[in-house]
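Here is a short briefing to read alongside the sequence and the model. Please keep the viewer open as you go.

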Amino acid sequence: MTRKKFNILIIGQNGRLQYEALMFAASLRHSDPDFQGRLIIGEPRPGDRWDNNPRMANAEVRNLLESLGAEIVPFENHHFGSYYPYGNKIEGLSALPEGEPFVFFDTDTLITGKLSEVPFDFDRPSASMRREGTWPQIELYGPGYGDIWRSLYDKFGLDYESTLDLSQPDEYWQRYMYFNAGWFFHRCPREFGERFVQYATTIRDDGPEPMVCQNLDPWLDQVALPLVIKSFGGGRPGPELDGLDGDVSCHWRVLPLLYARESDKAVEVLEAVTAPNKIKKVLKQYEPFKRLIYQGKGHKVRAMFDRNDLPRREQMIRNQIRRANLWLR
């Protein structure tokens, strides 16, 4: 696999995401200053799908993003919006140039290494395996994992058997191809985005019988994603992508979790990129960043946990942070 130029998409939106977008952009320029692709901030346009204006309202954030070389590109929501904002990562792909390889990242991600040196095979799409067994939720006497996932692959005429990890036992969630949608990639955002919209809206509006009792909020994107990836000949990521969710990127998701469980390197990058006065001045406007990064509360969270012996389930980490009144988002 050869390294080739590609674009990055993250979503910028009013509220928390605009501050996260600024931190992502700063971390990219800090950790990979030679990145040659475009950093595109997809911004949803206001319209009938939104209860309020979703555009980034903070002019200082917008100016700093552009000073870091990011391009703010608007897009329309035709299928999702206020009721399912996770759909922005699906419809936001329309903000990217057709036919140019892309990598999508959730905004709550830090770039901690040379992203441009990751050997992506854009003809074989993949996505993050840093996930838990969040979907489907199996009901007593209801359909099992196999029946539910098979019905989805059958719905779209895709081969189901080849997606199974046969090293895992039958009816154990890791046997079935399931991703975290925190990052994914492909050779063309238009092709990928159109199919992502098609699959997600079909599952939402006309899902197969075995999954009719399953909750799709907020899991719809992660239900459709493996099907889209399979349809383009992709699958689980190989070892060449270990740097994602490793030394190259950190999907921290909620800032107290970053301090609780991520590497020393991730914390060092976080604090380096948020230290310049022009960035500090803006990020302090968001209360959780102010308290956790600039008032030192994050290090209080970090001192509560042994990174070599973390609680087995994320919910246990969350509960411990909440009991200390340090769960800030």
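How much space lies in the largest cavity? About 50 Å³, where a cavity is a set of points on a 1 Å grid over the protein atoms alone at which a 1.4 Å probe fits but cannot get out. The model is predicted, so local features need pLDDT of at least 70 and side-chain atom pairs count only at pLDDT 80 or more, while totals for chains, interfaces and linings use all residues. Residues are numbered from 1 along each chain as its sequence is written, and side-chain values use heavy atoms, leaving out hydrogens and water.

**Cavity**
- The count is one cavity of 30 Å³ or more, with volume taken as the space filled by probe spheres set on points joined across faces, edges and corners.
- Its lining (residues with an atom within 4 Å of a point) includes R16, E20, W252 and Y286.
- Helices α1 (16-31) and α10 (287-294) each supply at least two lining residues; helices are DSSP runs of H or I with at least four residues, and strands are E runs of at least two, numbered from the N terminus.

**Sheet**
- Six strands form an open sheet with mixed pairing, in the order β3-β2-β1-β4-β7-β6; two strands pair if DSSP finds at least two bridges between them.
- β3 (70-75) and β6 (127-128) stand at the edges with a single partner strand each, so one side of each has no neighbour in the sheet.
- Antiparallel strands β4 (102-105) and β7 (180-186) are joined by four bridges, and F105 has W183 in β7 as its bridge partner.

Key:
1 Å grid on protein atoms, 1.4 Å probe; cavity = no way out; pocket = protein on both sides within 12 Å on 5 of 7 lines; lining within 4 Å.
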